[in-house]
There are 2 protein chains.
Amino acid sequence: MTVTIIGVGLIGGSMALKLKNQQFASKIYGVDFNEQNLHKALELKIIDEAVNLEFAIKNSDLIILAIPVDSSQKLLPKILDFCTENQTVMDVGSTKFEITKGIKNHINKSRFVASHPMWGTENSGPGAATSDAFGGRAAVICEAENSATDSLELVKKVYENLEMNLLYMSSEDHDIHTAYISHISHITSYALANTVLEKEKEEDTIFQLASSGFSSTVRLAKSHPEMWVPIFKQNKENVLDVLNEHISQLRKFKSALEKDNFEYLEELISNANKIRGILK
Amino acid sequence: MTVTIIGVGLIGGSMALKLKNQQFASKIYGVDFNEQNLHKALELKIIDEAVNLEFAIKNSDLIILAIPVDSSQKLLPKILDFCTENQTVMDVGSTKFEITKGIKNHINKSRFVASHPMWGTENSGPGAATSDAFGGRAAVICEAENSATDSLELVKKVYENLEMNLLYMSSEDHDIHTAYISHISHITSYALANTVLEKEKEEDTIFQLASSGFSSTVRLAKSHPEMWVPIFKQNKENVLDVLNEHISQLRKFKSALEKDNFEYLEELISNANKIRGILK
């Protein structure tokens with residue numbers, strides 16, 4: 001099986017490493033507009049060969065889009081234009097509605113499988129790629145009914161090889177759920193970092209005092225805008241919905257404190273504690 | 001050295017384990033109003049003996065207060081009433097202003113050292129205690145000038161044995177800094193948990209989809225109200241200050257999204273990324 005990874009960063013690079021390790025891919029081509037990343041991916045043996053997009057499309061059984069969601073959306077129809085019935089294209093982006101909408105009327109739309117492995121770190125680039133990624137986490141396939149049976153089976157095998165647990169849902173449902181359990185966490189984390197950076201001008205104090213709790217809460221604030229601005233843009237309505245709810249939840253804490261209503265504060269915290277039963 | 005731990009939970013229990021391992025403490029007494037915790041601490045060999053408060057005060061060189069900050073504040077003057085010049089009392093609470101204010105005029109105030117080891121987890125009770133805690137983290141001593149030289153030296157030795165890096169500051173400064181780098185993280189995390197619990201009624205979906213990012217952002221939301229309500233109460237003004245700033249930072253994200261101002265969104269995220277240079 002010859003696999004092309006478009007975007008040899010954290011996610012694409014980690015997939016390449018694991019699919020090669022598992023002997024699922026016999027050959028891995030890498031495509032990336034960032035020459036430095038391509039070079040690094042070759043050096044780290046994440047890919048076997050750096051090629052251009054045209055060559056990749058002609059010579060691969062499976063093409064994996066692992067670039068920012070706006071770039072994937074633009075590139076996908078162009079790749080599908082040249083796809084034969086023996087080829088499959090998949091993406092791994094954090095939003096699913098816009099990308100599936102964009103190819104709704106494409107003649108080769110059945111060669112595409114929309115998916116999202118629920119794994120990532122605050123780091124980026126091929127240097128952050130690891131073959132230990134993905135295992136045990138959930139991966140989502142969206143609009144499975146629009147994909148050809150053989151393409152769908154192939155992508156399922158990809159996720160089996162990544163040792164992920166598959167879930168199926170509509171693109172709309174995916175984007176609502178990820179707004180809650182991933183996108184809002186990033187906004188919260190960015191805003192928390194900005195809060196501390198705004199108020200604490202003595203950076204040494206932050207660095208020396210920062211507890212493990214703070215570090216884990218702001219970890220995501222290290223994530224790059226190149227990846228995240230397009231996600232927020234594509235999932236704007238859902239993200240705004242959850243953000244409004246989050247601000248109103250924070251206001252409840254503010255009001256409890258301002259009014260010295262510590263019974264209410266305890267109630268708010270006890271309710272939040274329920275997350276313990278859900279997230280092991 | 002005979003040490004009494006008042007409150008044999010996560011922090012008190014972890015200190016006991018480490019101080020015994022390091023042979024700093026030859027005997028450790030445990031005092032706890034929770035009989036179940038006392039029993040568990042004995043069973044786990046965290047303490048050598050469960051005793052009552054009166055016996056502990058009479059028979060210890062060092063008394064460590066590791067209970068919620070409101071309980072410490074109430075109990076400290078009563079313990080100091082019975083303290084001799086050969087005994088030292090220290091606390092390990094997350095707020096420092098109220099406890100130091102409460103004994104400002106106590107005749108034995110110099111036997112007390114106010115301190116705060118910057119370590120903790122979302123878990124509680126002696127079952128969560130570990131001898132691996134504390135190492136490499138910061139510990140703060142406040143109002144060191146109000147403590148007797150021998151008491152201060154003893155508490156410094158405690159933190160040396162816990163392998164922590166000591167910082168000195170006023171109680172006021174401590175409470176401002178911890179509002180930024182610990183207390184606000186907890187409120188954010190609680191509010192985020194409540195946001196998700198409010199909106200996502202299908203709990204199975206949260207559990208299955210939750211990414212590692214979400215888990216790390218809501219980890220602190222598992223922390224119990226018994227510990228955190230008193231902290232927020234004692235540090236109310238600082239916490240409200242930071243909470244207001246945090247809400248206004250979140251509103252900037254909201255406004256950028258609502259106005260489709262993605263350049264501003266990128267700016268907000270790039271600014272937050274600066275935390276990468278500060279927190280390794």
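A residue is termed buried when its relative accessible area is under 20%, exposed when that value is over 50%, and partly exposed in between. These classes are applied below to a predicted model. By this criterion B:Glu49, with a relative accessible area of 31%, is partly exposed, and B:Lys27, at 29%, is likewise partly exposed. The side chains of B:Lys27 and B:Glu49 are joined in a salt bridge, with a distance of 3.2 Å from N to O. Because B:Lys27 belongs to strand E2 (residues 27-31) of chain B and B:Glu49 to strand E3 (residues 49-50) of chain B, the pair ties together parts that are 22 residues apart in sequence.

Over all chains, the count of salt bridges comes to 22. Side chains of opposite charge can pair when their charged atoms come close. In chain A, a salt bridge is formed by the side chains of A:Lys18 and A:Glu163 (3.2 Å, N to O). This pair links distant parts of the chain, 145 residues apart: A:Lys18 is located in helix H1 (residues 10-21) of chain A, and A:Glu163 in the loop between helix H6 (149-161) and strand E8 (165-169) of chain A. A:Lys18 is buried, at 11% relative accessible area, whereas A:Glu163 is partly exposed, at 43%.

A further salt bridge connects A:Arg219 with A:Glu122, whose closest N and O atoms are 2.7 Å apart. A:Arg219 is placed in the loop between helix H9 (212-218) and helix H10 (225-234) of chain A, and A:Glu122 in the loop between strand E6 (112-117) and strand E7 (138-142) of chain A, so parts that are 97 residues apart in sequence are tied together by the pair. A:Arg219 counts as buried, with a relative accessibility of 19%, and A:Glu122 is buried at 14%.

A:His183 is part of helix H7 (residues 171-199) of chain A. Its relative accessible area is 0%, so A:His183 is classed as buried. The side chain of A:His183 makes a polar contact with the side chain of A:Asn235 at 3.2 Å, and a polar atom of the A:His183 side chain lies 3.4 Å from the backbone oxygen of A:Ser94. Beyond its neighbours within four places in sequence, A:His183 is in contact with several residues, among them A:Thr95, A:Trp228, A:Phe232 and A:Val239.

Between the two chains, 88 residues of chain B are in contact with 89 residues of chain A. The area buried between chain B and chain A is about 8,700 Å², and carbon and sulfur atoms give 68% of that area. On the side of chain B, the most area is lost to chain A by B:Ile181, B:Leu209 and B:Ile278, which together account for 8% of what that side buries. Two salt bridges are found across the interface of chain B and chain A. A:Lys236 and B:Asp260 meet through their side chains in a salt bridge (2.9 Å, N to O). Helix H7 (residues 171-199) of chain B gives the most to the side that touches chain A, contributing 18 residues. That side of chain B comprises 43 nonpolar, 24 polar and 21 charged residues.

Chain B is superposed on chain A by a rotation of 180° with 0.0 Å of shift along the axis (RMSD 0.0 Å). This is the relation of a two-fold axis. The C-alpha of B:Thr217 is the nearest to the axis in chain B, at 2.3 Å. The same surface serves both copies, as 100% of the contact residues of chain B recur in chain A.

Terms used. Residues numbered from 1 in each chain as written. Chains lettered and ligands numbered in written order. Predicted model: local features only at pLDDT ≥ 70, side-chain atom pairs only at ≥ 80, totals over all residues. Heavy atoms only, no water. Contact = heavy atoms within 4.5 Å. Buried area = accessible area lost by both parts, 1.4 Å probe. Salt bridge = Lys/Arg side-chain N within 4 Å of Asp/Glu carboxyl O. Helix = DSSP H or I, 4+ residues; strand = E, 2+ residues; numbered from the N terminus. Nonpolar A, V, L, I, M, F, W, Y, C, P; charged D, E, K, R; others polar. Buried < 20%, exposed > 50% of the residue type's maximum accessible area, 1.4 Å probe, protein only. Polar contact = N/O pair within 3.5 Å; in protein donor to acceptor, adjacent residues only side chain to side chain. Least-squares fit on C-alpha atoms with pLDDT ≥ 70 in both.
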